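Subject: Handover of a structure, with findings

Dear colleague,

Please find the structure below, followed by an account of what was found in it. Kindly keep the structure open while you read.

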Amino acid sequence: MSMTGKPFKYAESPEYINPPPGGHSACPGCGEILAMRYFLKAAGEKIILVMPPGCAGANINAPAPSLPPFIRALATPFMTAPILAGGLSTALRLRGDMETTIIAWTGDGATFDIGLAGLSGAAERNEDIIYVCYDNEGYMNTGNQRSSATPRGARTSTSPPPTTKPERKKDIMQIMVAHGIPYAATASIAFPDDLMAKVRRAMSMRGFRFFHILTPCPTGWLYRAEKTIEVARLAVETGVFPLYEIEYGSNIRLNREPRDLPVEDFIRIQGRFSDLTPQQIEEFKSEIARKWQILRMLMHGESNRG
Amino acid sequence: MIKVITGNEAAAYGALLCKPAVVCAYPITPQSRIPEQISEFVAQGLFKGKFVNVESEVAALGYVIGASAGGVRVFTATSSQGLAVMHEQLHWAAGARLPIVLVNVNRPLAAPWELTSEQTDSLSQRDTGWMQFYCESNQEVLDTIIQAYKLAETVGLPVMVCLDGVYLSYVAETVEIRDQEVVDYFLPPYHPEVSSQRYSYKIFMKEPPPMFGPQGYIRRSYMADRYELHKLHQMSFAVAENINEEFKNLFGTGYPLVEEYKAADADTVILTSGSAVGTARFVVDQMREEGYKIGLVKLKMFRPFPKHLIRRALLGRKKVAIIDRDLSPGQCGILHQEIRWALNLPGQSVPTTYGFVAGLGGEDITPELIRKAIEFTMKNDPVDQDVIWLGLVEKRKYDEYDGKTLQIR
């Protein structure tokens, strides 16, 4: 499945999400379970997952566990994944375990909303953990309610049309980058090479490392299950979800120059945007443009802040 | 080494002597001196563990839950609103059976804001599965923390050590800082592998199932788990008593879970907890000299509730005056509820209880008030009153309504 045509580097690495016929308990076409699959392939076994409530926490354990028993996972209250992960990491380091990587595996609800204060605190303290936000742009585990990661104009079960979500999506990467953490990266399940290379990179570092992975959700975004990769790829190629990484709050690398496909391609493939007016589509596009302005500014070291 | 220190400082010294690997506490009045003092221990090179400043009480307890699950000894401290913020994770820590020691400085809960003293904050956390102790003096605060670690790590449950805000937290008393070598002997380094805790380090790190938390329970009976939690609480009476005996042998001071003071031949006893116990001792001494046959019962352990010890202390008496520095609005004082339940013995003659509520929001519980309570109890026949208010200075209009004339709108 390599995008570059070269041999798939990690094809031989172990599968931790139970391969068929074991399967998993996520919805058909789930983006998050793919993100976890690639992430674990690159991260290996010397990890402890720290998981708040969310799709992943539910998926991997019930009714059929999706993870083998030797992958340790620690459940946490909704708002404490980064905090608890930090405490656990500290304890293991004090006990002389410098090898095990603590990975907080959280959704956009835990990250953008209820756990944001704890996330900021853990980043400020530069806890030695990897924090992953799998972003399906809503509270999908409880039935597709809006979160502050839901894009403007999307319909959810708490923002039904015609009162679709009026607020813009929070830019979590900017928030995290502003903390000056050692590593922050976006990643996409449509670009597994890139995702896994970033995981390997993060695994080789110490301190607080942050991942923002866009994980399309057929159940909530209202598209057919087999389109998940296509939707994820369109998000990148239309510029809606740029792939980049930033070290220490300033050294930015753009990992993929988008093909600049029309944003409408991303919007029209999903039922949740079916109520967008032409004006809202224009607003959506100008928000993407502003995001790129900021990114380009960071990349080229230009500043118009006076 | 004898020092003149406040209750907060005694708590910090108590923690220092127990050598936790991770200390994480968020400042709140009237507890702030505890994290301050520990940070000074760090600056002086006395505290060798990791002291972590965090952004909230959510983080303070969450961090020590993570560290305790990782297999090290931990300490945290809070008060009132902070304890309420921790509420979700109090259940979590007990359910996960983590041997965390938390010091709570008792303070009223808003609204309205009040920064002084009241025990409703921790008493209302009685159903979280934590063990709870209430202290009378600063020495007792320090000593109880040392005992608490041994108890927590033996039973595999978290322990809350409570001291009254202002009366203990801010008032300096002479405190013997226990000898480190003896403390080390009494409380050996923490080995999570040999602890009886179930879901924390031992199981989590060594044995399947991989998931520790609610998801894991799906393949396990939650109810059976609660049964075990309850059983552990019941088993801990004997453990706590043995630990106190050992402590007494080593250090010369012990603290019964329920203490009777000059109560041997008393028809009427007064029962209370926390700093008011000291005042009550003074009043009992006075009235004994005057020839009254009265005594005192001090409740130190609140969870698990020492029903058998309460019965031993109270059965055979005529009357018991209970002073609650707390209130369950719409019911009565919390200690009063618990004592009544312990005395629910069909067919036996049990003492009449008088439920006083005093000292809310830091009103002083003076010797005069305590004397008033005792005299009221001795003079009056049983009263059918949920709460006998003691020292209520500002009565408002509700008395004249008497609950009958409030208009339904």
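I begin with a helix of chain A and its surroundings. The buried residues of helix H5 (residues 116-124) of chain A pack against helix H3 (81-94), helix H4 (108-114), strand S4 (130-135) and helix H6 (172-177) of chain A, together with helix H3 (57-69) of chain B. Those buried residues are A:Gly118, A:Leu119, A:Gly121, A:Ala122 and A:Ala123. Just after H5(A), A:Asn126 has a positive phi of about 55°.

Some conventions are needed here. The model is a predicted one, in which local features need pLDDT of at least 70 and side-chain atom pairs count only at pLDDT 80 or more, while totals for chains, interfaces and linings use all residues. Residues are numbered from 1 along each chain as its sequence is written, and chains are lettered from A and ligands numbered from 1 in the order in which they are written.

The terms are as follows. A residue is buried if 20 or more other C-beta atoms lie within 10 Å of its own, exposed if 12 or fewer, and partly exposed in between, with C-beta atoms placed from the backbone. Helices (H or I, at least four residues) and strands (E, at least two) are DSSP runs, numbered from the N terminus. Two residues are in contact if their C-beta atoms, placed from the backbone, lie within 7 Å.

Chain A: confidence

The mean pLDDT (the predictor's confidence in each residue, from 0 to 100) of chain A is 91, and 92% of its residues reach 70 or more. Over residues 1-8 of chain A, however, pLDDT stays under 50, and the model has seven contacts beyond four places in sequence for them. Where pLDDT is low, the predicted coordinates should not be read in detail.

Chain A: other elements

Strand S3 (residues 101-107) of chain A is largely enclosed by the rest of the structure, because six of its seven residues are buried. Strands count as paired if DSSP finds at least two bridges between them. Strand S1 (residues 47-51) of chain A runs parallel to S3(A) and is joined to it by four bridges; A:Ile47 stands opposite A:Thr101. S3(A) also pairs with S4(A) in the parallel sense, over five bridges, and there A:Thr106 has A:Cys133 as its bridge partner.

Helix H9 (residues 228-237) of chain A is likewise largely enclosed by the rest of the structure, because eight of its ten residues are buried. Among them are A:Val231, A:Leu234 and A:Val236. The buried residues of H9(A) pack against H1, strand S5 (183-188), strand S6 (209-214), helix H8 (218-221) and helix H10 (263-268) of chain A.

A:Ala26 lies in the segment before helix H1 (31-43) of chain A. Is this residue, A:Ala26, buried or exposed? A:Ala26 counts as buried because 21 other C-beta atoms lie within 10 Å. Leaving aside residues up to four places away in sequence, A:Ala26 touches A:Glu32, A:Ile33, A:Cys55 and A:Asn59.

Chain B

Chain B has 16 helices and 16 strands, and 54% of its 409 residues are buried. Strand S14 (residues 319-324) of chain B is mostly covered, with six of its six residues buried. Both of its faces are covered: B:Lys319, B:Ala321 and B:Ile323 lie on one side, and B:Val320, B:Ile322 and B:Asp324 on the other.

Strand S11 (residues 268-272) of chain B pairs with S14(B) in the parallel sense over four bridges, and B:Ile270 has B:Ala321 as its bridge partner. S14(B) also pairs in the parallel sense with strand S15 (residues 352-358) of chain B, over six bridges.

Chain B is divided into domain 1 (2-251) and domain 2 (258-398); such bounds come from an automatic or database domain assignment. The centres of the two domains, taken over C-alpha atoms, are separated by 28 Å. In domain 1 of chain B, 27 residues are in contact with 21 residues of domain 2 of chain B. On the side of domain 1 of chain B that touches domain 2 of chain B, the largest share, five residues, comes from helix H11 (222-251) of chain B.

Yours sincerely
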